[in-house]
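Dear colleague,

I am passing on the structure below, and I would be glad if you could look through it alongside the notes that follow.

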Amino acid sequence: MKKFSLTAIARTQLREAGEVANGRAASTVFGGHEHTLRQTVIGLKAGTQLQEHLNPGEATLLILQGRVTVSSNGQQWEGRNQDLIALPDGRLQISANEDSSVLLTVAKIDR
């Protein structure tokens, strides 16, 4: 069994995001490419984005702090502190409306 402090990891990723030109930083806290489940903490500075990309499986986004907008297929969802967004299939983009940290959980499935 392993225990993680998402608060501490989120704080670190947000600090690191502030130190790089693209304004984002990420750390996989569980799983990885060799696993079905992957959980990644992402820090995003205000005004930065995870550019449009294909959702690789069933996925959720837990907003640990801040405010983000998820866009997909002409629709948008806004999430704030402690909101959980079930991400849609297909292509999506995540934009930080303010300094934010999120926990992205993905279960890769064959489509």
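**The hairpin and its sheet**

In the hairpin formed by β5 and β6, two residues lie between the strands, and N73 takes a positive phi near 50 degrees there. Please keep in mind throughout that this is a predicted model. N73, which belongs to the loop between β5 and β6, has this positive phi although it is not a glycine, and with a relative accessible area of 66% N73 is exposed.

As for the strands themselves, β5 (residues 67–72) and β6 (residues 75–80) are paired in the antiparallel sense over six bridges, and S71 has Q76 as its bridge partner in β6. β5 also pairs with β8 (residues 91–96), again in the antiparallel sense, over four bridges, and here V70 has I94 as its bridge partner in β8.

These pairings belong to an open sheet of four strands, whose order is β3-β8-β5-β6 and whose pairing is antiparallel. Because β3 (49–54) and β6 stand at the edges with a single partner strand each, one side of each is left without a neighbour in the sheet. On average, neighbouring strands of this sheet are turned by 15 degrees against each other, when direction is ignored.

Q82 has a positive phi of about 70 degrees although it is not a glycine, and Q82 is exposed, its relative accessible area being 52%.

Note on methods. Residues are numbered from 1 along each chain as its sequence is written. This is a predicted model: local features need pLDDT of at least 70, side-chain atom pairs count only at pLDDT 80 or more; totals for chains, interfaces and linings use all residues. Side-chain values use heavy atoms; hydrogens and water are left out. Two strands pair if DSSP finds at least two bridges between them. Axes are lines fitted to C-alpha atoms, for helices over the stretch in contact, and angles run from 0 to 180 degrees between N-to-C directions. Buried means under 20% relative accessible area, exposed over 50%, partly exposed in between (1.4 Å probe, protein chains only).
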